[in-house]
Amino acid sequence: MSDEKYRVLEVRSGKVDCLPGRKEPVEHCRFCVHSRYFRIRGQYKKSPALVYCLRHRDAEEVDLALVEAVKCGDLKGEGYRSMMNILG
């Protein structure tokens with residue numbers, strides 16, 4: 001898992017700096033198309049969002065209260081995008 005493919009968004013008070021000046025609740029990351037990994041107790045686990053991806057269906061639920069950081073695949077600065085818009 002190469003870090004140059006991801007932005008590491010630290011969780012502070014239950015939110016991440018999704019874009020400059022735009023904080024999102026970490027709960028949104030659970031359903032974001034850009035979310036890849038959640039760090040819990042120093043270990044990265046696949047984002048539950050990946051369960052909907054054909055290549056990564058082995059993702060498990062995570063306790064969002066324990067998430068320290070999110071590895072985000074949004075390198076273009078699009079920001080939060082719900083996968084529900086894609087699935088629906």
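## Salt bridges in this model

Glu78 is partly exposed, with 40% relative accessible area. Keep in mind that this is a predicted model. Here we look at its salt bridges, and the count comes to six. Side chains of opposite charge can pair when their charged atoms come close.

**The Glu78 pair**

- Glu78 teams up with Arg81 in a salt bridge, with 2.9 Å from N to O.
- Arg81 is partly exposed too, at a relative accessible area of 33%.

**The network around Arg39**

- Glu10, Arg39 and Glu68 are linked up in a network of salt bridges.
- Arg39 has a relative accessible area of 18%, so it counts as buried, the cut-off being under 20%.

**Arg39 with Glu10**

- The side chains of Arg39 and Glu10 form a salt bridge at 2.8 Å, N to O.
- Arg39 sits in strand 4 (residues 35–40) and Glu10 in strand 1 (residues 7–10), so this pair ties together parts of the chain that are 29 residues apart in sequence.
- Glu10 comes out as partly exposed, with 30% relative accessibility.

**Arg39 with Glu68**

- Arg39 also meets Glu68 in a salt bridge, this one at 3.1 Å from N to O.
- Glu68 belongs to strand 6 (residues 67–72) while Arg39 is in strand 4, so here again the pair ties together parts that are 29 residues apart in sequence.
- Glu68 is partly exposed, at a relative accessible area of 29%.

Technical notes: Residues are numbered from 1 along each chain as its sequence is written. This is a predicted model: local features need pLDDT of at least 70, side-chain atom pairs count only at pLDDT 80 or more; totals for chains, interfaces and linings use all residues. Side-chain values use heavy atoms; hydrogens and water are left out. A salt bridge is a side-chain nitrogen of Lys or Arg within 4 Å of a carboxyl oxygen of Asp or Glu. Helices (H or I, at least four residues) and strands (E, at least two) are DSSP runs, numbered from the N terminus. Buried means under 20% relative accessible area, exposed over 50%, partly exposed in between (1.4 Å probe, protein chains only).
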